[in-house]
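Welcome, and please get your viewer ready for a short walk. We will go from stop to stop, selecting a few residues each time.

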Amino acid sequence: MAAIIGISYEYKAVNLSKGEQFTPEFEKLNPLHFVPVLDDGDVVVSDSYAILLVASIVTSSIQPLHMLSNLKYLVQKVGPQESLLFAQTNVEKGFNALEKLLKDINGKYASGDEVYMADVFMAPQIAVAMQRFKIDMIN
């Protein structure tokens, strides 16, 4: 996804079964030896929860609830209007939670003036909310 929106990145796999998280190089990034670690030059985030909180909201509270397979099933069971209402309600609920979480952040993007993982996870969901479900994401 990062490549799609023009963000350059370098992925480095850490083989836990070989103990690569215990190397001196990795210990400089995270003395607890946990993965994942996001290294963005001057900023290193080595707490899985901090890196994945927004992604978790998107992947568990927004995206699965508007998957086409789920919505097709709902159309069969309750009709197209109820299926659409279900998707809209759940997408809005998820974004309301994100908005509360990010309310004190100032900047162009979710976590400031730079694009971070939160933006990468949210971008396709915002597009879906606006295009497929006609949700007003501006106001």
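Helices (H or I, at least four residues) and strands (E, at least two) are DSSP runs, numbered from the N terminus. This is a predicted model, in which local features need pLDDT of at least 70, side-chain atom pairs count only at pLDDT 80 or more, and totals for chains, interfaces and linings use all residues. Residues are numbered from 1 along each chain as its sequence is written, and side-chain values use heavy atoms, with hydrogens and water left out.

**Stop one: the second largest pocket**

Select Phe95, Glu99, Ile126, Met137 and Asn139, which lie nearest the centre of the second largest pocket among its 21 lining residues. H4 and H5 are the elements that give two or more residues to this lining, and H4 gives the most, with 6 residues. The pocket holds about 500 Å³ of space. A pocket here is an open set of points on a 1 Å grid over the protein atoms alone, where a 1.4 Å probe fits, with protein on both sides within 12 Å along at least five of seven lines; lining residues have an atom within 4 Å of a point.

**Stop two: asparagine 30**

Now select asparagine 30, in the loop between helix H1 (24-29) and strand E1 (38-40). Is asparagine 30 buried or exposed? Asparagine 30 is buried, at 2% relative accessible area (buried is under 20%, exposed over 50%, partly exposed in between, with a 1.4 Å probe and protein chains only). Show its side chain: one reach goes to the backbone nitrogen of leucine 32 at 2.9 Å, another to the backbone oxygen of phenylalanine 34 at 3.0 Å. Leaving aside residues up to four places away in sequence, asparagine 30 touches Val37 and Ser46 (contact means heavy atoms within 4.5 Å).

**Stop three: tyrosine 109**

Next, pick tyrosine 109 in the loop between helix H4 (80-102) and helix H5 (117-131). Tyrosine 109 is partly exposed, with a relative accessible area of 30%. Beyond four places in sequence, Glu114, Val115 and Asp119 are touched by tyrosine 109.

**Stop four: the salt bridge**

Finally, select lysine 103 and aspartate 104, whose side chains meet in a salt bridge at 3.2 Å, N to O (a side-chain nitrogen of Lys or Arg within 4 Å of a carboxyl oxygen of Asp or Glu). The count by this rule is 1 salt bridge. Aspartate 104 is exposed at 62% relative accessibility, and lysine 103 is exposed too, at 57%.

Definitions and conventions: Polar contact = N/O pair within 3.5 Å; in protein donor to acceptor, adjacent residues only side chain to side chain. Points joined across faces, edges and corners; volume = space filled by probe spheres on them.
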